[in-house]
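Q: I have a structure to go through and a few questions about it. Can you put it up?

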Amino acid sequence: MTALDSGLTLPPARPVSGSRAPAWWGMLCLIATEATLFVLLIFSYFYLRWGSPNWPPQGTPRPEFTVIIPATVLLLGSSAPVMWAETAIRRGRQNVLRLGLSVAWLMAAVFVILELWEWSHLGFGPQSSQYASIFFTITGLHLAHVSIALLMSAYIQLRASRGHFDAQHFLAVENVALYWHFVDVVWIFVFATVYISPYVT
Amino acid sequence: MYARVSLSWLLPPILALSACAYAPSPLHPASAHADDLRWLWWVLFAIAAAVLVAVTFLLIWAVLRTPSPSEERQEHPFGTRLVWVGGVIIPLLILAFVFALSIARMAGSGGSQTDLTIEVIGHQWWWEVRYPQNNVTTANEIHLPVGRRAQIRVTSADVIHGFWVPQLQGKIDAIPGQTNTIELEAAEAGSYRGECLVFCALQHANMNFLVIAEPPDEFGRWLSHQAEAPSPPSNPETLSGQQIFLRSACSSCHTVAGTSAGGTAGPNLTHLASRRQLAAGTIPNTPEALGNWVVDPQSAKPGNRMPNESITGPDLHALLAYLESLK
Amino acid sequence: MATVTAAERLARTWETPADFVSSLFTVDHKAIGRRYLLTAFFFFLVGGVEALLLRIQLFRPGAGFLGPHTYDQIFTMHGVTMLFLFATPIIIGAFGNFMIPLMIGARDMAFPRLNALSYWAFLFAGVLMYGSLIVGSPPNASWFSYAPLTSQTYVPGPNQDFWSWGLLFLTVSTTVSAINFIVTIFKFRCPGLSINRLSLFIWSEIATAFMILFSFPSLTAAIILLELERKWGFHIFDANAGGAPLLWQHLFWIFGHPIVYIWFIPATGVISSVIPVFAQRRMIGYIFVALASVSVAFLSFGVWAHHMFTVGLPLIALSFFSAASMMVSFPSGVQVFCWIATIFHGRSRLTTAYLYALAYIFVFVIGGISGVMTGSVPLDWQVHSTYFVVAHIHYVVAGTVLFALLAGVYYWTPKMFGRMLSERLGRLGFWLTFAGFNLAFFPMHAVGLLGMPRQIYTYASGLGWDSSNALETVGAFILALGILVVITDFLQALIAGPMAPDNPWNADTLEWAVSSPPPDYNFLRIPVLRSREPLWDQPELATINQPAHENQLADEPESNVTATPGPTESTRRQTMSTTVLDAEISETIEMPGDSYLPLLLAFGLLVVFSGLLPDLMFVEALVVATGLAICAVALFLWFWPAAEPTV
C-alpha cells in the first residue's frame with residue numbers, strides 16, 4: 001500500500017442483483033420506455049374515440065367478456081408463480097424455480113391462444129373501422145409483449161435447467177420477472193381501455 | 001467586432017422590406033386583423049432587438065474585460081446580480097408581458113356575427129370556393145365586399161393544406177374531415193395574395209389564390225353574375241369549342257354551369273374568363289397563357305393532375321375561344 | 001514495481017487488437033465515440049450538400065435546377081439527415097460516449113456491448129435510409145411527414161416506408177444509448193463523485209437520456225400506426241374512414257418537441273464545459289445551470305401543441321401551450337446569463353473552441369428570441385410555416401448543434417485523437433462559418449415576414465423575396481467553405497499535428513488527468529474525488545496514471561485519492577460501481593470483452609427493417625423471419641454467461 005492509496009479497496013467481483021446490478025437498472029429503463037409507448041397508444045384510443053360520433057361505430061358490437069375474463073385471470077394470475085419462482089431461487093430452490101416458471105409460462109401461453117381465438121371470432125377485422133384498427137393495434141402490441149416475455153421465460157428456463165441459477169446468481173430471473181409483471185400491469189390498463197371504456201358513456 | 005457583424009446582417013431584411021410595392025406580407029396589412037398582428041410584431045421586434053443588443057454588448061464587454069483582484073479570489077457579486085436580474089427577473093417580466101399581450105390579441109379575434117359565409121375547400125393543388133347562400137362555386141379567387149366581415153369555413157378534400165391571406169389575417173389549416181373557421185374583412189379595396197401554407201406535395205408552391213376586395217355594390221354584381229350560367233355560345237367558333245370541351249376529357253374533371261360538364265375533380269370553369277389568374281396563381285389569365293396551359297399543363301405546373309390533351313389547330317382555337325367566352 | 005506490471009496487465013486486459021476485424025468487434029467507448037463523431041459528421045456533410053442543392057434552386061425565382069419531385073425528396077432528406085443522422089447522435093454519441101466514463105472515473109460505460117450496438121444500429125439505420133436512393137424512392141413528405149399526405153393514397157411508393165423503418169431503427173440505437181447513459185451515470189461514478197459534484201456536461205447528458213426514454217415512444221407509436229395504415233389498411237389518420245389526421249400531429253410533436261431539446265441540451269453541456277476552462281474560473285450559478293437542464297427536460301413535454309397553433313385548437317389549449325412555451329424558454333435564459341457571468345468574472349483566452357462557444361451564445365439568443373415570438377399565438381398565426389420558422393429552427397438547432405460541435409471538436413480533439421488542431425486554421429474556419437451561417441439564415445426572418453412559405457420548390461419574382469434568397473444562398477456557400485476549412489484543419493492535425501499533452505488547456509474535469517488519447521483502461525487507479533472541478537482542486541490527480549515510485553511517497557499528502565485495484569482487476573475487465581446519491585463504493589462489476597454480437601444484432605435488425613419495405617408478402621415474411629432469427633441468435637448468445645474470464 002502506498003500513501004497514494006485511500007484505504008478504499010474494491011471488493012472482489014461477486015454476483016449482484018437488484019439495485020446493485022446495472023442490468024436491473026437497465027431493465028427498469030426499458031420498462032419505463034415501453035410503458036410510455038402504451039400510454040401513448042391509449043391516448044390515441046381515446047383521441048379517436050372522442051372524434052367519433054359512435055363508439056364502437058354503428059354495426060360493430062361492444063367487446064364481450066366471455067373469453068377475455070378467463071384470459072385476464074390467467075395472465076394476471078401468472079405473476080404469482082413468477083413471484084414464487086423468484087423467491088424460491090433466492091433461497092436456492094432450483095426445482096421450485098423451474099416449476100414456477102413453467103406454470104407461469106403455460107398460463108401466459110393459454111392467454112395468447114385465447115386472445116388469438118377471440119380475434120378470429122370478433123366478426124370484424126382491423127380494416128373495418130378506426131375502432132377496429134386501434135383495438136387490434138393495442139391488443140396486438142400487448143400480445144407481442146406477452147410473446148417476448150414467453151421467449152425470455154423459455155430462455156431462462158433453459159438456463160435454469162443447466163444449473164445457472166442459485167441463491168447468489170439469479171439476476172436474469174429477477175429481470176425477467178420484472179418484465180413479466182410489467183406486461184401484466186400493462187394488460188390491466190389495456191383491458192380497462194379496450195374492454196371496459198366502451199361501456200362507460 | 002461582434003457589433004459590426006450583427007449590424008451588417010440587418011441590411012438584407014431592410015432592403016427586402018423596402019422592396020417592391022406588391023408584397024403579400026403581414027407587414028403590409030389591409031385589414032384591422034392584420035394591422036393588429038403587424039402592431040404585435042413590431043412591439044415584439046422592439047423587445048427582441050433590445051434584448052439582442054443588450055446581450056451582445058454584455059457578452060463583448062465580458063470577454064474583453066480583465067478581472068480585478070477580488071474576482072481572482074472568486075468573488076462575483078456582479079455576476080450573481082446579472083444572473084438574477086438579467087437571467088431571471090427581466091426575462092420573467094418580458095415573457096409575462098409578451099404572453100399577456102398575445103392572449104389579449106388572441107381573445108379579441110373572431111367570434112363576431114356575420115351574414116356572409118364562404119366555404120373554401122383545399123385540393124391538391126387548387127382552391128374550391130363556394131358561396132352557399134348564393135349557390136356559387138368558383139375556384140382560386142375569393143371576392144369580398146370592403147368593410148364587411150365574412151366567415152370563411154375552411155376544409156380539405158384530400159390532404160392538409162394551409163389557408164393564408166397574409167395581408168388580411170393569420171392562417172388556418174384546411175384539414176380533411178374537419179371545418180375550421182376564420183374571419184376575413186378587408187379595410188380597403190384591392191387584390192390580396194393568398195397562399196397554401198402546409199406542405200401538400202408536388203405543387204404546394206403553386207397553390208396560390210387571390211382575395212379581391214371591392215365596393216359592396218361591385219361585389220353584389222360579381223356575386224349575382226357568378227350565380228348565373230353563361231349565355232350559350234353565340235358564334236360558330238365558340239359553339240364548336242363548346243362541343244370539343246364537352247366531348248373531350250375536359251368535362252370529366254370540370255364543371256360549366258348550364259352544360260352537361262359536371263366534373264368536380266378540377267376547378268369549376270363556369271366564369272373562367274373573369275378570373276385574373278389561372279392554375280391557382282401560377283400563370284396570368286391571358287389567351288396565350290391559357291393556350292399554353294391547355295396544351296401542356298405539366299410544363300407550367302409539373303406533377304399537377306391535369307393531363308396533356310392533344311387538341312391542336314382549329315380545334316384548339318375553337319376551344320380557347322369558348323373558354324374565353326366564359327366571362 | 002508492482003504497479004508497473006499492473007498497468008501493463010490492465011492494458012492487455014482492456015486492449016482491442018489492431019486488426020480490422022477486431023476493431024469491428026470493439027466495445028471500447030472511446031473507439032465508439034470516435035466512430036460516432038466521424039459517421040455523424042459524414043451525414044452532416046451529406047445533409048449539407050443537400051442544403052446547397054436546395055439553395056442553388058432557390059437562388060433565383062423560377063429556377064429550373066430542381067423540379068418539384070426532386071426538390072421534395074432533397075428537402076425531406078436534408079431534414080431527416082441533419083436532424084436524425086447528425087443532430088441526434090453527434091454530441092451524445094461522440095462526446096457523450098467518449099467523455100462520460102472518463103469524467104466519472106470509470107473504465108467504460110455500464111453496457112459496453114449495448115454501446116457498440118447503438119453505434120452499429122445508427123450506422124445501419126442511415127444506410128437503410130439512404131438505401132432508398134438506390135430504388136429512387138427517398139422520403140419526400142417532409143421530415144415531419146404529416147398524415148394524410150403520407151398515406152398509401154398520396155405516397156404510393158416505399159418513400160414513406162423508408163422514413164418509417166429507418167427512424168424506428170434509429171430509435172433502437174438512441175434508446176439503448178439513453179439506457180446506457182442513465183445506468184452509467186447513476187452507478188459507475190468513482191467514489192466521492194456525489195450528485196452535486198457532477199460536471200455540467202454530465203447533467204446535460206442525463207437530462208437528455210431521460211428525455212429520450214420518454215419521448216421516442218411517441219414517435220414509435222406514430223410510426224407503428226402509420227405503417228399499419230399504409231401496409232395493412234388500418235384506419236387511424238384517414239378522415240374518410242373515421243380516423244383523425246390530427247392524431248399524427250399530436251403523436252409526432254409529443255416526440256418532436258422533446259427531440260429539439262435532445263439536440264439542444266447536450267450542446268449546452270459542451271458549452272458549459274468549454275466556458276469555465278477558457279474563462280479560467282469556475283461556473284457561476286452551477287446549480288442553476290444543472291437545474292436548467294433538468295427543468296427544460298421536464299417542461300419540454302408540455303409544449304408540443306405550439307407546432308399546431310393553426311390547426312383549429314380551442315382557445316384554452318392555445319393559451320396553455322403558449323404559456324408553457326414561454327416557460328420553457330426561461331431556464332435556458334438563466335443558463336445563458338450564468339455563462340455570461342462566468343465570462344465576465346473570468347479572464348478570457350480566445351481559443352477557437354472558446355470563439356465557437358461565444359458564437360453559440362449569440363446564435364442561441366437570436367433563436368431563443370424568435371422562439372418566444374413564435375410562442376405568441378397570434379404572431380404565430382402569421383409566421384407559422386413561413387421562412388421565419390425556418391430561420392428560427394436553424395438558429396436554435398443548426399446554430400447551436402453546429403457551433404457546440406465545433407467548440408467540442410476544438411476542445412476535445414487533443415483528448416480524443418491525441419493531436420492539437422491549428423489555431424490559425426481554426427480561426428479562419430470560425431469566421432467563415434460564423435459569417436456564412438448568419439448570412440444564410442438571418443435574412444430568412446425577413447423573407448418569412450414577407451410571406452414566403454417554407455417547403456416550396458420555387459417562387460415567383462416580384463414578391464420581394466428575391467434578394468434575400470440570393471443572399472442566403474451566398475451565405476450557405478460561405479458556411480460550406482468554413483466547414484471545408486475545419487475539415488482541412490482536422491485532417492492536417494491527424495496527419496501531422498503536434499502531439500497533445502494530457503491537459504493542454506489546464507482544464508478542470510477528470511478526462512484531462514489521463515493521457516491524450518487515454519489508455520484503453522482509462523484509469524490505472526480509480527480516483528476518489530472531493531471537488532466539482534477535480535483537476536483544479538486535487539492536483540495530485542494529474543499523476544493518477546503514473547506508476548507510484550519511491551520519490552513520490554514522501555511528498556504526497558495524506559489525501560485519499562485512489563482506490564487499490566482488487567485482486568483480479570488486472571486480468572479481468574472490471575470497474576467500480578457506487579451508490580446513486582453519494583457515490584460510495586458498492587460493487588466491482590464484471591465487464592464484457594470485445595464481441596461480434598452487437599454487430600450481428602444490428603445486422604439482424606437491418607434485415608428485419610429492410611424486409612418490411614417491399615410489398616411482396618411472401619418475400620417480406622421470409623426476409624423478416626430471417627432477420628428475427630438472426631436477432632434471436634444474437635440475443636441468445638448475448639445473455640448466455642461467459643464460460644471463461646475475458647482475457
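A: One term to start with: two residues are in contact if their C-beta atoms, placed from the backbone, lie within 7 Å. Helices (H or I, at least four residues) and strands (E, at least two) are DSSP runs, numbered from the N terminus. This is a predicted model, in which local features need pLDDT of at least 70, side-chain atom pairs count only at pLDDT 80 or more, and totals for chains, interfaces and linings use all residues. Residues are numbered from 1 along each chain as its sequence is written, while chains are lettered from A and ligands numbered from 1 in the order in which they are written.

Q: OK. Which residues of α3(B) and α11(C) meet?
A: From α3(B), Leu44(B), Ala48(B), Val51(B), Leu52(B), Val55(B), Thr56(B), Leu59(B) and Val63(B). They meet Leu358(C), Ile361(C), Phe362(C), Val365(C), Ile366(C), Ile369(C) and Met373(C) in α11(C). By class, that contact has 14 nonpolar residues, one polar and no charged. Here Ala, Val, Leu, Ile, Met, Phe, Trp, Tyr, Cys and Pro count as nonpolar, Asp, Glu, Lys and Arg as charged, and the others, Gly among them, as polar.

Q: At what angle do the axes of α3(B) and α11(C) cross?
A: At roughly 165 degrees, and the axes come within 10 Å. Axes are lines fitted to C-alpha atoms, for helices over the stretch in contact, and angles run from 0 to 180 degrees between N-to-C directions. The angle therefore makes α3(B) roughly antiparallel to α11(C) (under 35 degrees is roughly parallel, over 145 roughly antiparallel, 65 to 115 roughly perpendicular, the rest oblique).

Q: And how many residues does each chain give to the contact of B with C?
A: Chain B gives 75 residues and chain C gives 76. On the chain B side, α5(B) supplies the largest share, 17 residues. That side has 53 nonpolar, 17 polar and five charged residues.

Q: Switching topic: how is chain B divided into domains?
A: Domain 1 is 23–107, domain 2 is 116–227 and domain 3 is 236–324; the bounds come from an automatic or database domain assignment. The C-alpha centres of domains 1 and 2 of chain B lie 37 Å apart. Across their contact, 11 residues of domain 1 touch 12 of domain 2.

Q: Last one: where in chain C does pLDDT stay under 50?
A: Over residues 550–561 of chain C. pLDDT is the predictor's confidence in each residue, from 0 to 100. Chain C has a mean pLDDT of 93, and 95% of its residues reach 70 or more. Where pLDDT is low, the predicted coordinates should not be read in detail.
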